[in-house]
Amino acid sequence: MSAKETDESESQTHSAGVQNSSDNKPKLSTKRDSSWPSVLFYIHLNILGLYGIVVLFTNTCFTTVIFTSFLTGIGILGVTCGAHRLWAHHSYTASTSLKIVLMLCQTMAGQGSIYDWVKNHRLHHETFRTSNDPYYSEKEFIDAHVFAQIRSLSPHQEEMLKAVDMKDLESDKVVMFQKRFYWILYFVFFVLLPINAPLEYWNDSVQAAIFVAFSLRYLIVLNATWLVNSSHFIWGLDKRYKPSDSNMIFLVTKTNWPQYHYLLPWDYQTGEFGSYGTGCTTGFIRVFAALGLATDLQTMTSDAVKTGLIRAVDTNRPVVECLTEAGREAMQTIPSDHYLTKDKYK
Ligand SMILES: [Zn+2]
């Protein structure tokens, strides 16, 4: 279904503005309007980024390819390692110097401040598999991956967003510094320096600097990091979203990342792209821990899973509550450097 068709079908059930429910209490509209600046921006970015692929093979020197790959990688790392696992879910604690590095890396992803990213992601977790999820988790991959980015939130979602608890980030100086000076940081680190470097330091073409080092990089980073909110359609176990003859079935049967992550989001080993314990971001967090820059890595042992499940059966309490409780208790008993002997505590 196209964005327009979806808009029309939704507008039949939800009038714009404020509605009245049966008990005369004002009820905010759940209709999401198209954000035309975003639509135009993404059309341009896709055209320029795809042209960047042509320039990449015809008019780009190898140094720019390496440079672009490097910037793409650190942008993705800033979102997965920083915004997602550190700031959204506190799956580990970072030193101030590591926070500053991750903040600059996240700025290189060009998708808004850490504060706003985390706020939206927390609402996504709170409303997962409901119609209030900003990333359409009850619909299709294309809704979550594309339409969510080109529509404004509904008045109802805006109200829910305001209620998201962000006190932890509001007391984080690095996050609030980036929030305050975001557009300056964005322009200098995300736009100016990547375009300037190929021209200034290794005399590459203007086309390579603009269409490869900027447009193509932006397109790749955005799509990779959007997967944090939409990949459950690809790597999930819900068979509604994939044909059984899909080549992805191998990956699907090897992992259950989305289901696990939405149950226990604080485990540092849950990779955003379908892995558990083996992804690049997980590896980087272990390296940061070995260097003393990251501490308190949170994870869930198999024994804690068993304890949590038994407790849920015995007490009739919610499974997630019992798993979280058992996981937190197990963290008190395993050594703080458990990431060095992960096979022993998996
Ligand atoms: Zn998450």
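Colleague: Which residues does arginine 317 touch, not counting residues up to four places away in sequence?

Modeller: This is a predicted model. Arginine 317 sits in the loop between α16 and α17. Leave out residues up to four places away in sequence, and arginine 317 touches Ala312 and Cys322.

Colleague: Is arginine 317 buried, exposed or partly exposed?

Modeller: A residue is buried with 20 or more other C-beta atoms within 10 Å, exposed with 12 or fewer, and partly exposed in between. Arginine 317 has 13 other C-beta atoms within 10 Å. Therefore arginine 317 is partly exposed.

Colleague: What about asparagine 316, buried or exposed?

Modeller: Asparagine 316 is in the loop between α16 (302-315) and α17 (319-333). Its phi is positive, about 65 degrees, although it is not a glycine. Asparagine 316 has 8 C-beta neighbours inside 10 Å, so it counts as exposed.

Colleague: Where does asparagine 203 lie?

Modeller: Asparagine 203 has a positive phi near 50 degrees, and it is a residue other than glycine. It has 9 C-beta neighbours inside 10 Å, so it counts as exposed. Its place is the loop between α10 and α11.

Colleague: At what angle do α10 and α11 pack?

Modeller: Helix α10 covers residues 182-201. It passes α11 in a right-handed crossing. The axes are 8 Å apart, and the angle is about 145 degrees.

Colleague: How many charged residues are in the contact of α10 with α11?

Modeller: From α10 come Val191, Pro194, Ile195, Pro198 and Leu199. They meet Val206, Ala208, Ala209, Ile210, Ala213, Phe214 and Arg217 in α11. By class, eleven residues are nonpolar and no residues are polar, while the number of charged residues is one.

Colleague: Which residues have the most contacts inside the largest nonpolar core?

Modeller: Nonpolar side chains tend to be buried together in soluble globular proteins. Here the largest nonpolar core has 45 residues. Those with the most contacts inside it are Leu102, Ile114, Ile285 and Ala294.

Colleague: Which residues is leucine 102 in contact with, leaving aside its neighbours within four places in sequence?

Modeller: Leucine 102 is among the residues with the most contacts inside the largest nonpolar core. Set aside its neighbours within four places in sequence, and its contacts are Gly78, Cys81, Gly82, Leu86 and Ala94.

Colleague: How are α3 and α15 placed to each other?

Modeller: Their axes come within 10 Å and cross at roughly 70 degrees. An angle of 65 to 115 degrees counts as roughly perpendicular. Therefore α3 and α15 are roughly perpendicular.

Colleague: Which residues in α15 do the residues in α3 meet?

Modeller: The crossing of α3 and α15 is right-handed. By class, the contact has four nonpolar, two polar and one charged residues. Leu77, Thr80, Cys81 and Arg85 in α3 meet Thr281, Phe284 and Ile285.

Colleague: Which residues in α5 do the residues in α3 meet?

Modeller: The axes of α3 and α5 come within 10 Å and cross at roughly 65 degrees. The crossing is right-handed. The contact divides into six nonpolar, three polar and one charged residues. Gly82, Ala83, His84, Trp87 and Ala88 in α3 meet Ile114, Trp117, Val118, His121 and Arg122.

Colleague: How many residues apart in sequence are phenylalanine 141 and histidine 232?

Modeller: Phenylalanine 141 is in helix α6 (residues 141-145). It has 16 C-beta neighbours inside 10 Å, so it counts as partly exposed. C-alpha to C-alpha, phenylalanine 141 and histidine 232 are 8.4 Å apart in space, while their separation in sequence is 91 residues.

Colleague: What percentage of the 346 residues in the protein chain do buried residues make up?

Modeller: The protein chain has 17 helices and four strands. Of its 346 residues, the buried ones make up 35%.

How values were computed: Residues are numbered from 1 along each chain as its sequence is written. This is a predicted model: local features need pLDDT of at least 70, side-chain atom pairs count only at pLDDT 80 or more; totals for chains, interfaces and linings use all residues. A nonpolar core is a set of buried Ala, Val, Leu, Ile, Met, Phe, Trp, Tyr and Cys residues joined through C-beta atoms within 7 Å. Two residues are in contact if their C-beta atoms, placed from the backbone, lie within 7 Å. Helices (H or I, at least four residues) and strands (E, at least two) are DSSP runs, numbered from the N terminus. Axes are lines fitted to C-alpha atoms, for helices over the stretch in contact, and angles run from 0 to 180 degrees between N-to-C directions. A crossing is left-handed if the near helix is turned anticlockwise from the far one by less than a right angle, and right-handed if clockwise. Ala, Val, Leu, Ile, Met, Phe, Trp, Tyr, Cys and Pro count as nonpolar, Asp, Glu, Lys and Arg as charged, and the others, Gly among them, as polar. Angles under 35 degrees count as roughly parallel, over 145 as roughly antiparallel, 65 to 115 as roughly perpendicular and the rest as oblique.
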